[in-house]
Amino acid sequence: MTRELGGVGTGVLFENDRVRIWELRLGPGEKSDVHQHELDHILVLVSGDRIAVEPEPDTGGPYKQFLEAEVMPGAAVYVPRGGIETAVNTGAEPYVEIIIELKD
């Protein structure tokens with residue numbers, strides 16, 4: 001079975017030879033496409049109340065099991081490459097984050 005991967009976010013806001021910046025927007029209960037993080041990246045949490053990551057069994061990223069957390073707007077989190085996962089808005093509010101991919 002071949003798996004189709006979607007984009008890391010909802011859309012690309014900016015890209016050059018050093019970085020790619022995505023926006024991710026999810027309504028309450030909404031899931032992102034299954035996607036793979038091929039680059040180290042920084043997540044900047046903008047808004048929402050609860051978010052979760054649902055990793056695939058073959059993920060190479062740091063999150064190996066379902067992980068849910070409270071959203072702290074303004075927080076920035078560094079995440080190494082390799083994750084194959086789905087983002088899930090488990091909260092009651094719309095979720096927005098900015099994903100800054102660091103190109104080698």
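Biologist: What makes β1 and β2 a hairpin?

Modeller: β1 and β2 form a hairpin with 3 residues between them. Strands here are DSSP runs (E, at least two residues; helices are H or I, at least four), numbered from the N terminus. Two strands pair if DSSP finds at least two bridges between them, and β1 (residues 11–15) pairs with β2 in the antiparallel sense over 4 bridges. One of the bridge partners is Ile 21 in β2, which goes with Phe 14.

Biologist: Before we go on, what kind of model is this, and which residues and atoms count?

Modeller: It is a predicted model, where local features need pLDDT of at least 70 and side-chain atom pairs count only at pLDDT 80 or more, while totals for chains, interfaces and linings use all residues. Residues are numbered from 1 along each chain as its sequence is written, and side-chain values use heavy atoms, with hydrogens and water left out.

Biologist: How do you know that β2 and β9 pair?

Modeller: DSSP gives 8 bridges between β2 and β9, in the antiparallel sense. In that pairing, Arg 25 stands opposite Val 96 in β9.

Biologist: Why is Thr 86 called buried?

Modeller: Thr 86 has a relative accessible area of 6%, and buried means under 20% (exposed is over 50%, partly exposed in between; 1.4 Å probe, protein chains only). Thr 86 is therefore buried. Its place is in strand β8 (residues 84–88). Counting heavy atoms within 4.5 Å as contact, and leaving out residues up to four places away in sequence, Thr 86 touches residues including Lys 31, Asp 33, His 35 and Val 53.

Biologist: What makes up the largest nonpolar core?

Modeller: A nonpolar core is a set of buried Ala, Val, Leu, Ile, Met, Phe, Trp, Tyr and Cys residues joined through side-chain atoms within 4.5 Å. The largest has 12 residues in all, among them Trp 22, Leu 24, Leu 43, Ala 87 and Ile 99. The elements giving two or more residues to this core are β2 (19–26), β4 (41–47) and β9 (95–102), and β2 gives the most, with 3 residues. Among the contacts of Trp 22 beyond four places in sequence are Val 8, Leu 13 and Ile 99.

Biologist: What makes β3 and β6 edge strands?

Modeller: An open sheet of 4 strands runs in the order β3-β8-β5-β6, with antiparallel pairing. β3 (35–36) and β6 each pair on one side only, and that makes them the edge strands. For β5 and β6 there are 4 bridges, in the antiparallel sense, and Val 53 stands opposite Leu 67 in β6.

Biologist: What is the difference between a pocket and a cavity?

Modeller: On a 1 Å grid over the protein atoms alone, a cavity is a set of points where a 1.4 Å probe fits but cannot get out; a pocket is an open set with protein on both sides within 12 Å along at least five of seven lines, and lining residues have an atom within 4 Å of a point. Grid points are joined across faces, edges and corners, and a volume is the space filled by probe spheres set on the points.

The largest pocket has a volume of about 420 Å³. Of its 26 lining residues, the closest to its centre are Leu 43, Ile 51, Val 53, Tyr 95 and Glu 97. β6 supplies the largest share of the lining, 4 residues.

The largest cavity has a volume of about 40 Å³, and its lining includes His 37, Tyr 63 and Glu 85.
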